[in-house]
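This briefing goes through one protein chain, topic by topic. Please keep the sequence and the structure in view while reading.

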Amino acid sequence: MREIIFDTETTGFDPKNGDRMVEIGCVEMVNRVETGRTYHAYFNPERSMPAEAEAVHGLSDAFLADKPLFGACAQEFLAFIEDSPMVAHNASFDFNFINAELALVGLPEVSRERMVDTVALAKARHPGSKLSLDALCSRYGIDRSHRTKHGALLDAELLAQVYVELRGGRQIGLELVAETTEIVSETKVLVRKDRPFRQPRPHAATQAELAAHAAFLATVDTPLWGA
């Protein structure tokens, strides 16, 4: 099964208030295994970047000034995601921005039936625990030391690892590994070279032992082997 794990960075919290998407990062997974294919783009939001948003992701007006508008990349983005399920952390937030950007360029929205929210998955699996991406990375031992600020592709890559754990861990892919990987085991036999040679001992019954056995069998009433 193909899935897209993704994240966005924006100028604020609500596209209805004029906020825009400035970055998107997508990671392709098949059978919960990353394929190495990604999609990543920055966009000029056609508005100024609030200081509080820039403090989160570090994307300044100067950095975004020469980046393309979303409309110039929309078809490339849609071609990458195809009709696959879309996995995000607090997915409604990201879907709101993607669909707002698509609406601005006259394209159909991405159906929310495709939406998978890892916050909801984490809440069901770890009720009462912290549900942030940082907290889940800590819970599952996922290295995020290189994450100094939010970044859409980096966060999508971290979320892909978290998502696998939320779905049951790496054992999900074992069947796939078994089908594609040949496992060769090597058996080593250790032989002591200083062991003295001994002639094999005789193991056939003697005549006396055979006679004693026959006498015993004669005392058995209605034996099964005589039926």
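The model is predicted. Its chain has nine helices and five strands, and 37% of the 227 residues count as buried.

**Fold**

- Along the sequence, the elements come in the order β-β-β-α-α-α-β-α-β-α-α-α-α-α.

**Largest pocket**

- The largest pocket holds about 590 Å³ of space.
- Its lining is made up of 24 residues, and those nearest the centre are Thr 8, Glu 9, Val 56, Phe 93 and His 150.
- At least two lining residues come from each of β1 (2-10), α1 (51-57), α4 (91-104), α6 (133-140) and α7 (152-166).
- Strand β1 gives the largest share of the lining, with five residues.
- By residue type, the lining of this pocket has eight nonpolar, nine polar and seven charged residues.

**Aromatic pairs and cluster**

- A pair of aromatic rings is described by two values, the distance of the centres and the angle of the planes.
- The count of aromatic pairs in the model is seven.
- In the pair formed by Phe 43 and Phe 70, the ring centres are 5.3 Å apart and the planes stand at 75°; an angle over 60 degrees counts as edge-to-face, so this pair is edge-to-face.
- Phe 43 is in the loop between β3 (33-42) and α1, while Phe 70 is in helix α3 (residues 70-81), so their pairing ties together parts that lie 27 residues apart in sequence.
- Both Phe 43 and Phe 70 are buried.
- The two rings also belong to one aromatic cluster, formed by Tyr 39, Phe 43, Phe 70, Phe 77 and Phe 80.

**Charges over rings**

- Phe 80, a member of that cluster, has Arg 2 over its face, at 5.6 Å from the ring centre.
- Phe 63 has the charged end of Lys 67 over its ring, 3.9 Å from the centre.

**Helix α5**

- Thr 118, Val 119 and Ala 122 are buried in helix α5 (residues 118-125).
- Seen down the axis of α5, these buried residues fall within an arc of 105°, so they line one face of the helix.
- In general, an α-helix has 3.6 residues a turn, so residues three or four places apart point the same way.
- Lys 123 and Ala 124 are exposed and sit on the face of α5 turned away from its buried side.

**Loop between β2 and β3**

- Most residues other than glycine have a negative phi.
- Asn 31, in the loop between β2 (21-30) and β3, has a positive phi near 55°.
- Arg 32 lies in the loop between β2 and β3 as well, and its phi, near 60°, is also positive.
- Is each of these residues buried, partly exposed or exposed? Asn 31 has 35% relative accessibility and therefore counts as partly exposed. Arg 32 has 16% relative accessibility, and because buried means under 20%, Arg 32 counts as buried.

**Loop between β3 and α1**

- Ser 48 is located in the loop between β3 and α1.
- With a relative accessibility of 46%, Ser 48 counts as partly exposed.
- Ser 48 and Leu 64 are separated by 16 residues in sequence, and their C-alpha atoms are 9.7 Å apart in space.

Key
Residues are numbered from 1 along each chain as its sequence is written. This is a predicted model: local features need pLDDT of at least 70, side-chain atom pairs count only at pLDDT 80 or more; totals for chains, interfaces and linings use all residues. Side-chain values use heavy atoms; hydrogens and water are left out. On a 1 Å grid over the protein atoms alone, a cavity is a set of points where a 1.4 Å probe fits but cannot get out, and a pocket is an open set with protein on both sides within 12 Å along at least five of seven lines; lining residues have an atom within 4 Å of a point. Grid points are joined across faces, edges and corners, and a volume is the space filled by probe spheres set on the points. Helices (H or I, at least four residues) and strands (E, at least two) are DSSP runs, numbered from the N terminus. Ala, Val, Leu, Ile, Met, Phe, Trp, Tyr, Cys and Pro count as nonpolar, Asp, Glu, Lys and Arg as charged, and the others, Gly among them, as polar. Rings of Phe, Tyr and Trp (its six-membered ring) pair if their centres lie within 6.5 Å; planes under 30 degrees apart count as stacked, over 60 as edge-to-face and the rest as tilted. Buried means under 20% relative accessible area, exposed over 50%, partly exposed in between (1.4 Å probe, protein chains only). A charge sits over a ring if NZ of Lys or CZ of Arg is within 6 Å of the ring centre and within 35 degrees of the ring normal. The arc is that of the directions from the helix axis to the C-beta atoms.
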